[in-house]
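Here is a short briefing for a first look at this structure. Keep the sequence and the 3D view open as you read.

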Amino acid sequence: VKLLQNQVLRDGKPLFETTHAQWKVRQAEQGRRRHMYQTLGFKKVVRETGAVEWYGCTRETSRCFGTVTNDMPQYLWEGKWTPPCCLEGLRRTARHVFDQLEAAGVRYWLEGGSLLGAMRMGDILPWDYDIDVGIYRDDIPLCSWLNQARSQPIIDDKGFVWEKANEGDFYRVQFSQVNRLHVDLFPFYKKNSTMTKDTWFITHKQDREFPEHFLRPISSIDFISRKVSAPNNIRDFLELKFGKGAIENPEYPDPDQLEFTHKEKVPDVKLHSDYEY
């Protein structure tokens, strides 16, 4: 240690005095933070102030996962569930679709795994990658976006893309032109008191006909923080589609390829007394 006598220590020259230099520092800090979160696999960060920062996909970027093969998205093979940014994009798309269908008077109901998620937790299944909705085929002309999508894809006034699917007689509503998170709309029609449609997926065991009485009357259920239309007697409907005990026994889309293990925690099933089961 050296003691300095009769010496004055000045403040020295301040760093980053100019506005431009301060901006560059902030940009560098944000870049390092973003790189850290992306390296660690973080998608959503909630700060102490409650502010939310996303480091995953947006409407301007592609979704976080690639092609889905045999109903199994890439992230399941990596031991992960749907990235939260993708789930939020699906919620935004679904809310918009429900608003448009309801405003047009199109009769719709939650289908398949989306209805299963609504019954289990009031939300999208944490490993799901799309949302399934059934509609009455006769009501398609009531919705201008669906009607226009019959001939070519159409972008609505909120930036969502409505289009006819290439794989068969059904429709998709995409989150954006770039981000292909989507809601599938399956047109059903009545045939001898049974609801049927023209396109079926062999790999989807829940994709089957059902009696029209499940839709007379149409009921409702809590889903993605709002009420949406659903079949009546939801438990019977889901067990017809998926088998006995489907609500209480989680399974991945193809359990023959990848089984759901008891170590994985799914939000508790919460049944509400105001639904018709």
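M36, L40 and F42 together make a nonpolar surface patch of about 290 Å². The model is predicted.

**The nonpolar patch**
- L40 has a relative accessible area of 55%, so it counts as exposed, the cut-off being over 50%.

**Helix α6**
- Helix α6 covers residues 234-242.
- Of its 9 residues, 7 are buried, so the helix is largely enclosed by the rest of the structure.
- The buried residues are I234, R235, F237, L238, E239, K241 and F242.
- Their cover includes helix α4 (112-121).
- Strands β10 (210-211), β11 (219-223) and β12 (226-230) are also among the elements that cover them.
- Just after α6 comes G243, with a positive phi of about 110°.

**Domains listed in UniProt**
- An unreviewed UniProt entry places "domain: FKRP stem" at residues 1-47.
- Residues 1-47 are 47% helix and 6% strand.
- The feature "domain: LicD/FKTN/FKRP nucleotidyltransferase" is listed by UniProt, in an unreviewed entry, at residues 103-150.
- Residues 103-150 are 38% helix and 19% strand. Here the end C-alpha atoms are 19 Å apart.

Notes
Residues are numbered from 1 along each chain as its sequence is written. This is a predicted model: local features need pLDDT of at least 70, side-chain atom pairs count only at pLDDT 80 or more; totals for chains, interfaces and linings use all residues. Side-chain values use heavy atoms; hydrogens and water are left out. Buried means under 20% relative accessible area, exposed over 50%, partly exposed in between (1.4 Å probe, protein chains only). Helices (H or I, at least four residues) and strands (E, at least two) are DSSP runs, numbered from the N terminus. Contact means heavy atoms within 4.5 Å. Patches are made of residues with over 30% relative accessible area and no salt bridge: like charges are joined within 9 Å, nonpolar side chains (Val, Leu, Ile, Met, Phe, Trp, Tyr) within 5 Å. Accessible areas come from the Shrake-Rupley method with a 1.4 Å probe; for residues, only the protein chains shown count as cover. A salt bridge is a side-chain nitrogen of Lys or Arg within 4 Å of a carboxyl oxygen of Asp or Glu. UniProt positions are given in the numbering used here, feature names are shortened, and annotations may be inferred rather than shown by experiment.
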